[in-house]
Amino acid sequence: NNLFIHDGNTNLDPFFRSLRNCTHLQELEFAGNGLGGKLQSFISELSRSFRQIHLEDNAILGSIPPNIPGLINLTYLNLSNNLINGFIPPDLSLMQRLEQVYLSNNLLSGGIPRSIGELPHLGLLYLSGNRLASAIPDTFSNLTQLRRLMLHHNRLAGAIPPSLGECDNLEILDLSYNGLQGEIPSHVAAMSNLKLYLNLSNNHLEGSLPLGLSKMDMILAL
């Protein structure tokens with residue numbers, strides 16, 4: 001639908017405050033409704049029963065509330081395709097049940113928190129299309145359930161962490177359109193479990209192609 005909220009579609013406060021009475025609410029889906037305004041800090045006061053939040057494809061402004069980890073039972077968070085700026089809260093690691101995180105196509109800046117590597121059930125991480133800088137954390141190797149890692153179209157720099165090669169369940173790895181430097185690590189090139197695609201294009205990589213790339217016999221696109 002095409003919904004409108006308070007104050008000329010610029011104020012989410014009354015809507016979210018009203019949800020505090022919904023103590024058994026588990027899923028919130030308002031994707032693609034043109035909602036505007038900011039996500040205020042009281043979002044952490046919503047029911048601990050929340051499992052999924054779908055707010056993608058709107059016009060939400062401001063930063064991700066630092067206390068959003070108060071939703072400790074959340075498994076699915078989608079804020080992609082909005083106008084969200086600021087940093088990714090390091091305390092997302094407190095949301096130990098997170099399985100899917102979508103923050104793509106916003107205005108997020110700063111680095112990717114190392115603490116994301118502390119999410120034991122994380123399977124899909126989409127951070128593409130932002131202004132994220134600094135290096136890729138080497139803690140992603142702790143994400144034993146990670147299947148898709150989308151970091152393309154950012155401003156990431158430094159080398160590709162060899163530890164990414166320890167993500168045994170990866171199906172898609174897209175690091176394209178960044179400022180990554182150095183050689184392609186042999187451990188990354190040897191990920192024979194990659195099923196769909198590996199994209200390292202449009203960076204500043206150098207050196208020879210690792211022999212391990214020839215052993216990616218399950219991959220569809222390289």
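**Exercise 1. Determine which residues line the largest cavity, and sort them by class.**

Begin with the term: on a 1 Å grid over the protein atoms alone, a cavity is a set of points where a 1.4 Å probe fits but cannot get out, and lining residues have an atom within 4 Å of a point. The lining of the largest cavity then consists of Ile88, Leu92, Val101, Leu103, Ile116, Leu119, Leu122, Leu125 and Leu127. Next, sort by class, where Ala, Val, Leu, Ile, Met, Phe, Trp, Tyr, Cys and Pro count as nonpolar, Asp, Glu, Lys and Arg as charged, and the others, Gly among them, as polar; the lining has 9 nonpolar, no polar and no charged residues. The space in this largest cavity is about 40 Å³, the volume being the space filled by probe spheres set on the points.

The model is predicted, so that local features need pLDDT of at least 70 and side-chain atom pairs count only at pLDDT 80 or more, while totals for chains, interfaces and linings use all residues. Residues are numbered from 1 along each chain as its sequence is written, and side-chain values use heavy atoms, with hydrogens and water left out.

**Exercise 2. Describe the largest nonpolar core and the contacts of phenylalanine 140.**

A nonpolar core is a set of buried Ala, Val, Leu, Ile, Met, Phe, Trp, Tyr and Cys residues joined through side-chain atoms within 4.5 Å, where buried means under 20% relative accessible area, exposed over 50%, and partly exposed in between (1.4 Å probe, protein chains only). The largest such core has 60 residues, and Phe16 and Phe140 have the most contacts inside it. A second, separate core of 6 residues includes Tyr76, Tyr102, Leu124 and Tyr126.

**Exercise 3. Decide whether serine 176 is buried or exposed, and list what it touches.**

Serine 176 has a relative accessible area of 2%, and is therefore buried. Not counting residues up to four places away in sequence, serine 176 touches His152, His153, Asn199, Leu200, Ser201, Asn202 and Asn203.

**Exercise 4. Compare the phi values of asparagine 81 and serine 134 with the general rule.**

Most residues other than glycine have a negative phi. Asparagine 81, however, has a positive phi near 55°, and serine 134 has a positive phi near 70°. As for accessibility, asparagine 81 is partly exposed at 30%, and serine 134 is likewise partly exposed, at 38%.

Conventions
On a 1 Å grid over the protein atoms alone, a cavity is a set of points where a 1.4 Å probe fits but cannot get out, and a pocket is an open set with protein on both sides within 12 Å along at least five of seven lines; lining residues have an atom within 4 Å of a point. Contact means heavy atoms within 4.5 Å.
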